[in-house]
Amino acid sequence: MAKTATAEKEAKKTTKKKATVKKAAKTGKKYLVIVESPAKAATIGKFLGNNYKIEASMGHVRDMPKSQMGIDFEHDFEPKYITIRGKGELLGKLRKDAKAADKVYLATDPDREGEAISWHLMKALKLDEVKNKSVYRISFNEITKNAVKASLKAPRTLDMNLVNAQQTRRMLDRMVGYRISPLLWAKVKRGLSAGRVQSVALRMICDREDEINAFIPEEYWNLDASFKIAGMKKPLTARYYGPADSGKEEKAKGAKTVIRSKAELDAVMKDLENVSYLVDEVKKGERVKKAPIPFTTSTMQQEASKALNFSTQKTMRLAQQLYEGVEVKGHGTIGLITYLRTDSTRIAEEADAAARAFVKEHYGENYMAAGEPAKKNAGKIQDAHEAIRPTDISLTPVMVKESLPRDLFRLYQLIWKRFAASRMAPAVYETTMVKIRGGNQLFSAAASRLSFDGFMSVYVDADDEEEKGQTMGAMEKGSALSLEKLEPSQHFTQPPAHYTEASLVKALEEQGIGRPSTYAPTITTIIARRYVAKENKNLYVTELGEVVNRIMKQSFPSIVDVSFTANMESLLDKVADGTVAWKTVVSNFYPDLDEAVTIAEKELESVKIEDEVTDEICELCGRNMVIKYGPHGKFLACPGFPDCKNTKPYLEKIGVPCPKCGKEVVRKKTKKGRLYYGCEANPDCDFMSWQKPSTQKCPKCGSYMVEKGSKLLCADETCGYRMDPAEKEK
């Protein structure tokens, strides 16, 4: 009887469940989840049951109108939003889905931009106006089954502080772009445009270019000594260190003496004539190399640039795919990394524990990091996010390689290795430092041997050079050494390096300019507008970039001021944490901008460029061609347009004869816009120089000289002759 009762009870449950499913099928899905992209929707859809419908908003659905500023200055700076063109049909479908659902979950990305998209969706779908409709905001740092289901158990309301921070950034950028860009277009006729963050980035590149152009190389010499060591096949090489009895403070601090001229070198060489050499000092020690910290957006972009030669834009595109979900054999569609826009180095406790356990199992307990992670985040960092890490440490690069395209795999491998290494023990080197005395002079040599590889068994930073130490053998203080040879070499100090995408991202972050979401679009924009040219990773300012930067510095100094822009970023952070009202930031910013634009409208009239008539004759119609200005800089055009449409490149002569053939030197541009100096007779003459050549010859070697700031330098670096025209001296 008991079994029969139980069977009847189970039958009733099954019937009831079937009825529920049938009812759900008739009425549609009970819950609607809205994300930004179809890829994210597809991944999440595989984690949730039949009661959930997942739809994508395809990014933002509302924005300020392109045809106007979109800010109501007369009514407390209220922004005006309209539906983005082409999104009407999508919104109509989402409204129907929302109306049919019992609950709506806004599941956009876990940052300011994602919060703003959720808010715009709520407004566009009028979800805040519908009674008895449950609308929730959910967010997750990784798109995994556990993370998504956990977020559904802990829904929240929209964070208006984050929304307002995004609104404020958008409005500040809109004010700068819509007030300054039309002014530049009207007054300078170059199709120019300005931006709040990119104009600062452009200035930083221009300032670096100025430093490089003004840099005066300084001569110095190295002096290497090779010694025979008993029992060693290769000689020991030591570098000149300085006088043994110097007694200077610098020596106490371990500073080397720099040989600055041939005369100083000759004095040292004379002092070393007929001397004997012996080991003056031997120091043995240990050097510990700490494990790296996990990637932030900035460090990921930098390392991907250096190690994989990826642009910042490509890195973010690939990281977005890894975050949103990819098909992995045996695992289905899963998100492989955590959220990609972060400046935090924090790691969730569960992920930290899993990584340490993985290291212990696969490498051994001595490879596991000891104690707790030491890195603390700086005050400006929004610590709601984690660092960038794999969502599952057990999914090694080898396990996913067959499932991923080559570049996607390479970025995942870089992220996986960096995170695994961050949970590992330091590497340890045994070090030996030797001082060798020859008469009154000292030479030094160093060697290091990796005694424990630690984290380096998994990951080596792209900047880490191989240890160049040498084997020293058994050396003791007082041991005599046999000199093989002394080898002097002349060198010149080098100017600061041109920015690369990696080093510019690092500089922007250090200066507090922009945030993780803005680095890639900022660099992409200044390259796309041809303000900056990228050649062999280096970023060079173009003629167009020089013009834009000069005008911005002259008329809008605060906009391109690094400190001012960094302060604005700090204020946006304060809006995000609710300590500063967003309208206070906007209302304080605009009056100064408005005043600067008003002044510039009057002053820039004096630099309005008219078409300049040249001696170049149009071969099609015989008119004198004129200099025009286009988006890529100067060019020659026939004034008979539209009857004659002849154009040709403009080559600006600089009044200097070519050092090779005697014809005129002209300013030219590479295909990407970098300026240089070449011969007008090209291709018959191949002369070129990155610096402007002078009419003067070097009195020392006869080579041509180039202008460097206020000085003239011999173009032959090995000569090293320099002249100050004002003082007529070297």
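Let me begin with Arg 530, which lies in the loop between H16 and strand E17 (532-535). The model is predicted: local features need pLDDT of at least 70, side-chain atom pairs count only at pLDDT 80 or more, and totals for chains, interfaces and linings use all residues. Residues are numbered from 1 along each chain as its sequence is written, and side-chain values use heavy atoms, with hydrogens and water left out.

Arg 530 has a positive phi of about 65° although it is not a glycine. In general, most residues other than glycine have a negative phi, and most peptide bonds are trans. With a relative accessibility of 43%, Arg 530 counts as partly exposed; buried means under 20% relative accessible area, exposed over 50%, and partly exposed in between, with a 1.4 Å probe and protein chains only. Asn 536 also has a positive phi, near 50°, and is a residue other than glycine. Asn 536 sits in the loop between E17 and strand E18 (538-541). Its relative accessible area is 75%, so Asn 536 is exposed.

Two peptide bonds come next. The bond from Phe 641 to Pro 642 is cis, with omega near 10°, and Pro 642 is in the loop between strand E21 (633-637) and strand E22 (647-649). The bond from Asn 682 to Pro 683 is likewise cis, with omega near 15°. Pro 683 belongs to the loop between strand E25 (675-679) and strand E26 (688-689).

I turn to the chain as a whole. The protein chain has 19 helices and 30 strands. Helices (H or I, at least four residues) and strands (E, at least two) are DSSP runs, numbered from the N terminus. Of the 730 residues in the protein chain, 47% are buried. Contact means heavy atoms within 4.5 Å. Among contacts between residues at least 6 apart in sequence, 66% join residues at least 24 apart.

How do helices H15 and H16 pack? Two packed helices are described by the angle between their axes and the distance between the axes. Helix H15 (residues 501-511) and helix H16 (residues 519-528) meet at an angle of about 125°, and their axes are 11 Å apart. Axes here are lines fitted to C-alpha atoms, for helices over the stretch in contact, and angles run from 0 to 180 degrees between N-to-C directions. H15 and H16 are therefore oblique to each other; angles under 35 degrees count as roughly parallel, over 145 as roughly antiparallel, 65 to 115 as roughly perpendicular, and the rest as oblique. On the H15 side, the contact is made by Glu 501, Leu 504, Val 505, Leu 508 and Glu 509, and on the H16 side by Tyr 519, Ile 523 and Ile 527. By class, this contact of H15 with H16 has six nonpolar, no polar and two charged residues. Ala, Val, Leu, Ile, Met, Phe, Trp, Tyr, Cys and Pro count as nonpolar, Asp, Glu, Lys and Arg as charged, and the others, Gly among them, as polar.

Which residues touch the most other members of the largest nonpolar core? That core has 77 residues, and the three are Met 175, Ile 180 and Phe 556. A nonpolar core is a set of buried Ala, Val, Leu, Ile, Met, Phe, Trp, Tyr and Cys residues joined through side-chain atoms within 4.5 Å. Neighbours within four places in sequence aside, Ile 180 is in contact with Met 175, Ala 194, Met 552, Phe 556, Ile 559, Leu 593 and Val 597. Another core, of 65 residues, lies apart from it, and includes Ala 107, Met 316, Val 326 and Leu 340.

Three further buried residues deserve a slide. Val 35 is found in strand E1 (residues 31-35) and is buried, with a relative accessible area of 0%. Not counting residues up to four places away in sequence, its contacts include Lys 40, Ile 44 and Ala 107. Val 35 and Asp 109 are 74 residues apart in sequence and 7.8 Å apart in space, C-alpha to C-alpha.

Asp 109 lies in the loop between strand E7 (103-106) and helix H4 (112-124). Is Asp 109 buried or exposed? Asp 109 is buried, with a relative accessible area of 7%. Beyond four places in sequence, Asp 109 touches residues including Lys 40, Arg 137, Tyr 323 and Arg 341.

Finally, Ile 143 is in the loop between strand E8 (134-137) and helix H5 (145-153), and at 0% relative accessibility Ile 143 counts as buried. Ile 143 and Gly 335 are 192 residues apart in sequence and 5.0 Å apart in space, C-alpha to C-alpha.
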